[in-house]
Amino acid sequence: MRKIIWIICALVFCLNLSVNASEALISKNSLSDMLLESQNSNSPLISGNVFAAKKSSSDSNSKTANRDSNSKSDPRKLSKISELFTRKNPALSKSEANEYAKYVLEAASKFSQDAFVIAAIIVHESTVNRKAVSKGGDYGLMQVRWKVHAGDIKKRFPEIKSASGMFNARTNIMYGTEIFAQCMSKTGTLEKALMRYSSGSTKLTTKVLQTLRDLKAN
């Protein structure tokens with residue numbers, strides 16, 4: 001009887017070993033299949049990188065959406081800036097005012113600035129006259145100082161050979177907005193940035209801030 005019990009126990013033990021070995025083989029083969037599938041599809045088993053890629057894509061889409069909301073596709077801002085330009089410079093045609101307004105929105109979007117601020121600067125720097133020239137040698141809509149920026153402008157815009165090239169509305173607004181963005185970065189506040197941009201003109205700064213308040217109020 002005792003021998004029979006020992007034989008039964010031995011059979012059960014061997015059966016368990018066989019099952020465990022079989023399960024281990026299945027598990028190993030499954031892992032091999034997963035690795036092979038991962039290699040064939042070029043996708044990691046652990047999806048941390050996939051998550052990071054999705055997050056990066058989401059962040060990029062979010063930034064694009066924010067940029068687009070301030071771009072030339074904003075009809076309300078476009079209309080208000082265009083109306084401001086024609087009001088301050090009656091000699092400006094509606095098509096010219098719209099064109100300048102589009103450039104303002106484009107530049108503001110590119111350099112993460114308030115389009116209304118850029119529009120107000122243009123109004124009080126040049127009265128929206130793209131051929132305006134100051135006694136100090138400031139040119140165009142945003143009164144870019146040629147003597148200071150000529151080297152950088154020629155390097156970045158090879159088509160511009162002389163100061164008169166800054167009469168190009170789009171180039172002037174883009175470059176002027178970039179300068180103002182640098183002023184904002186260095187000073188940290190709108191009022192100080194306007195003072196820096198206008199070479200310390202309290203009068204111009206006050207006028208720009210008042211026009212900005214009017215634009216935002218209406």
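Visitor: Where is confidence lowest in the chain, and where is it highest?

Guide: The pLDDT is the predictor's confidence in each residue, from 0 to 100. Helix H2 (residues 48-69) has the lowest confidence, at a mean of 39, and H5 the highest, at 98. Over residues 17-72 the pLDDT is below 50, and this stretch has 18 contacts in the model beyond near neighbours in sequence. Where pLDDT is low, the predicted coordinates should not be read in detail. For the chain, the mean pLDDT is 78, and 67% of the residues reach 70 or more.

Visitor: How many helices and strands are there in the chain, and how are they defined?

Guide: Helices (H or I, at least four residues) and strands (E, at least two) are DSSP runs, numbered from the N terminus. By that rule the chain has nine helices and two strands, and their pattern along the sequence is α-α-α-α-α-β-β-α-α-α-α.

Visitor: Why is Met142 called buried?

Guide: Buried means under 20% relative accessible area, exposed over 50%, and partly exposed in between (1.4 Å probe, protein chains only). Met142 has a relative accessible area of 0%, and is therefore buried. Its place is in the loop between E1 and E2. Of the 218 residues in the chain, 35% are buried.

Visitor: Which residues does Met142 touch?

Guide: Contact means heavy atoms within 4.5 Å. Not counting residues up to four places away in sequence, the residues that Met142 touches include Ile118, Ile122, Glu125, Ile173 and Tyr197. The C-alpha atoms of Met142 and Tyr175 are separated by 8.7 Å, although the two residues are 33 apart along the chain.

Visitor: What makes a set of residues a nonpolar core, and how many residues has the largest one?

Guide: A nonpolar core is a set of buried Ala, Val, Leu, Ile, Met, Phe, Trp, Tyr and Cys residues joined through side-chain atoms within 4.5 Å. The largest has 52 residues, and those with the most contacts inside it are Ile81, Phe85, Val104 and Ile122. Helices H3 (75-88), H4 (94-110), H5 (115-126), H6, H7, H8 (190-197) and H9 (202-217) each supply at least two residues. H5 gives the most, with nine residues. Val104 touches Ile81, Phe85 and Ile122, among others, not counting residues up to four places away in sequence.

Visitor: How do you know that the buried residues of H6 are on the same side?

Guide: The buried residues of helix H6 (residues 146-156) are Trp146, Ala150 and Ile153. They cover an arc of only 90° around the axis, which puts them on the same side of H6; the arc is that of the directions from the helix axis to the C-beta atoms. An α-helix has 3.6 residues a turn, so residues three or four places apart point the same way. The buried residues of H6 pack against strand E1 (138-139), strand E2 (144-145) and helix H7 (169-187). The face turned away from the buried side carries the exposed residues Val148, Gly151 and Lys155.

Visitor: Why is the pair Glu178 and Arg156 called a salt bridge?

Guide: A salt bridge is a side-chain nitrogen of Lys or Arg within 4 Å of a carboxyl oxygen of Asp or Glu. Glu178 lies in helix H7 and Arg156 in helix H6, so the pair ties together parts that are 22 residues apart in sequence. At 17% relative accessibility Glu178 counts as buried, whereas Arg156, at 38%, counts as partly exposed.

Visitor: What makes Asp152, Arg156 and Glu178 a network?

Guide: These three residues are linked by salt bridges. Arg156 also meets Asp152 in a salt bridge at 3.3 Å, N to O, and both lie in helix H6, four residues apart, about one turn of the helix.

Visitor: Which salt bridge links distant parts of the chain, 102 residues apart?

Guide: The side chains of Lys216 and Asp114 meet in a salt bridge at 2.8 Å, N to O. Lys216 is in helix H9, and Asp114 is in the loop between H4 and H5. Asp114 is partly exposed, with a relative accessible area of 26%. By the rule for salt bridges, the count comes to five.

Methods: Residues are numbered from 1 along each chain as its sequence is written. This is a predicted model: local features need pLDDT of at least 70, side-chain atom pairs count only at pLDDT 80 or more; totals for chains, interfaces and linings use all residues. Side-chain values use heavy atoms; hydrogens and water are left out.
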